[in-house]
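Subject: Structure for your review

Dear colleague,

Please find below the structure that I am handing over to you.

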Amino acid sequence: MADLEDLTARMREFTEAREWGRFHDVKSLTLALTGEVGEVAELVQWLPADAVLEGDLQARFGDELADVLLYLVRLADVAGVNLVAAGLAKLQRNEDRFPISVYRSIAPEHP
Ligand SMILES: [Mg+2]
């Protein structure tokens, strides 16, 4: 099973083989990632909130999520961010910020 390091290496190879590295600056990759998130949203924007994704729609949803993942992995690589370490650190901060004893079944308020 591939992990984020594998995906990062494959995306780097994919980019280098095509000499696309000069297009992959942080700004451009951020915009590409944002565009792909928009494509994910477009697939569900008019569905009822409790709709279940099935069949072709689920496959298309997965395809767009894969675009998001690949751009995210590539962006993190170019930006020098270790996604796993950053994600674990952020999760720890969120666990500290929203203790279960206070926030169980309560949506956090955002200022
Ligand atoms: Mg896409």
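Predicted model: local features only at pLDDT ≥ 70, side-chain atom pairs only at ≥ 80, totals over all residues.

Residues are numbered from 1 along each chain as its sequence is written, and side-chain values use heavy atoms, with hydrogens and water left out.

Salt bridges

Side chains of opposite charge can pair when their charged atoms come close. With a salt bridge defined as a side-chain nitrogen of Lys or Arg within 4 Å of a carboxyl oxygen of Asp or Glu, the count comes to three. Asp 77 pairs with Arg 12, and their closest N and O atoms are 2.6 Å apart. Asp 77 belongs to helix α3 and Arg 12 to helix α1, so this pair ties together parts that are 65 residues apart in sequence. Helices here are DSSP runs (H or I, at least four residues), numbered from the N terminus. Asp 77 also meets Arg 74 in a salt bridge (3.4 Å, N to O); the two are three residues apart in helix α3, about one helical turn. Through shared partners, Arg 12, Arg 74 and Asp 77 are joined into one network.

Relative accessible area is classed as buried (under 20%), exposed (over 50%) or partly exposed (in between), with a 1.4 Å probe and protein chains only.

Arg 60 is partly exposed at 42%, and Asp 56 is exposed at 52%.

The largest pocket

The largest pocket has a volume of about 220 Å³. A pocket is an open set of points on a 1 Å grid over the protein atoms alone, where a 1.4 Å probe fits, with protein on both sides within 12 Å along at least five of seven lines; lining residues have an atom within 4 Å of a point. The volume is the space filled by probe spheres set on the points, which are joined across faces, edges and corners. Helices α1, α3 (55-79) and α4 (83-97) each supply at least two lining residues. Among the lining residues are Leu 4, Thr 8, Val 73, Asp 77 and Leu 83.

Individual residues

Glu 19 is in the loop between α1 and α2 and is exposed, with a relative accessible area of 59%. Ser 105 lies in the segment after α5 (100-103) and is exposed at 77%.

Phe 23 also lies in the loop between α1 (4-17) and α2 (26-44), and is partly exposed at 44%.

Glu 36, in helix α2, is buried at 11% relative accessibility. Glu 36 and Leu 69 are 33 residues apart in sequence, with 9.3 Å between their C-alpha atoms.

With kind regards
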